Amino acid sequence: MNTVRFALSETSPVRLAIYNQKGNEVRVLVSRLLPPGEHLARWDGKDNAGREAARGVYYYRLDSSSFHEVRKLLW
């Protein structure tokens with residue numbers, strides 16, 4: 001299981017999604033308004049339909065009103 005940790009300085013809409021190497025969206029982990037503070041989201045390796053994703057390299061994209069981040073993760 002992969003864990004993504006992030007902090008918000010203010011209440012903000014947040015979207016956190018996992019993408020494969022081709023740029024296709026695999027799973028949306030967070031898509032809602034979150035309060036300030038520390039947050040974490042866990043990816044269990046499944047896609048939006050509940051199917052197990054293939055092992056390999058993936059990327060997550062984290063968007064809020066104050067920052068945007070893309071990072072690599074391994075499944």
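A: A polar contact is a pair of N or O atoms within 3.5 Å, where, within protein, one must be able to donate a hydrogen and the other to accept it. Please keep in mind that this is a predicted model.

Q: Understood. Which side chain has a polar contact with the side chain of W75?

A: The side chain of E52 does, at a distance of 3.5 Å. The side chain of W75 also has a polar atom 3.3 Å from the backbone oxygen of A53.

Q: Where is W75, and is it buried or exposed?

A: W75 belongs to the segment that follows β6 (68-74). Its relative accessible area is 14%, so W75 is classed as buried.

Q: What does W75 touch, leaving out residues up to four places away in sequence?

A: The list is M1, N2, W43, D44, G45, E52, A53, A54, R55, G56 and Y58. For G56, the C-alpha atom is 5.3 Å from that of W75, although 19 residues separate the two along the chain.

Q: N2 is on that list. What is N2 in contact with beyond its sequence neighbours?

A: N2, in strand β1, contacts A41, R42, W43, L73, L74 and W75 once neighbours within four places are set aside. With L74 there is a polar approach: a polar atom of the N2 side chain lies 2.9 Å from the L74 backbone oxygen. N2 has a relative accessible area of 19% and is therefore buried, the limit being under 20%.

Q: Switching to charges: how many salt bridges does the whole structure have?

A: A search of the whole structure gives five. One of them pairs R27 with D44, with the closest N and O atoms 2.8 Å apart. That pair connects distant parts of the chain, since R27 is in strand β3 and D44 is in the loop between β4 (37-43) and β5 (57-63), 17 residues away.

Q: Why might such side chains pair at all?

A: Side chains of opposite charge can pair when their charged atoms come close.

Q: And how accessible are R27 and D44?

A: R27 has 21% relative accessibility, so R27 counts as partly exposed. D44 is partly exposed as well, because its relative accessible area is 28%.

Q: What about the salt bridge of D47?

A: D47 meets R51, with an N to O distance of 3.0 Å. D47 is buried at 15% relative accessible area, whereas R51 is exposed at 54%.

Q: Which residue does D63 pair with?

A: D63 forms a salt bridge with R61, and the closest N and O atoms are 2.8 Å apart. D63 counts as buried at 17% relative accessibility, while R61 is partly exposed at 38%.

Q: Now the strands. How do β2 and β3 run, and how many bridges join them?

A: Strands β2 (residues 12-19) and β3 (residues 25-34) run antiparallel and are joined by eight bridges. S12 is opposite L34 of β3. The two strands form a hairpin with five residues between them, and in the turn G23 has a positive phi of about 90 degrees.

Q: Last topic: which residues touch the most other members of the largest nonpolar core?

A: They are F6, L16, I18, W43 and Y58, within a core of 18 residues. Two or more residues come from each of β1 (2-8), β2, β3, β4 and β5, and β3 contributes the most, with four.

Q: What is L16 in contact with, apart from neighbours within four places in sequence?

A: L16 contacts V4, F6, R27, V28, L29, V30, A41, Y60, R61 and L62. Among them are R27, the salt-bridge partner of D44, and R61, the partner of D63.

Notes:
Residues numbered from 1 in each chain as written. Predicted model: local features only at pLDDT ≥ 70, side-chain atom pairs only at ≥ 80, totals over all residues. Heavy atoms only, no water. Pairing = 2+ DSSP bridges. Salt bridge = Lys/Arg side-chain N within 4 Å of Asp/Glu carboxyl O. Buried < 20%, exposed > 50% of the residue type's maximum accessible area, 1.4 Å probe, protein only. Core = buried A, V, L, I, M, F, W, Y, C linked by side-chain atoms within 4.5 Å. Contact = heavy atoms within 4.5 Å.
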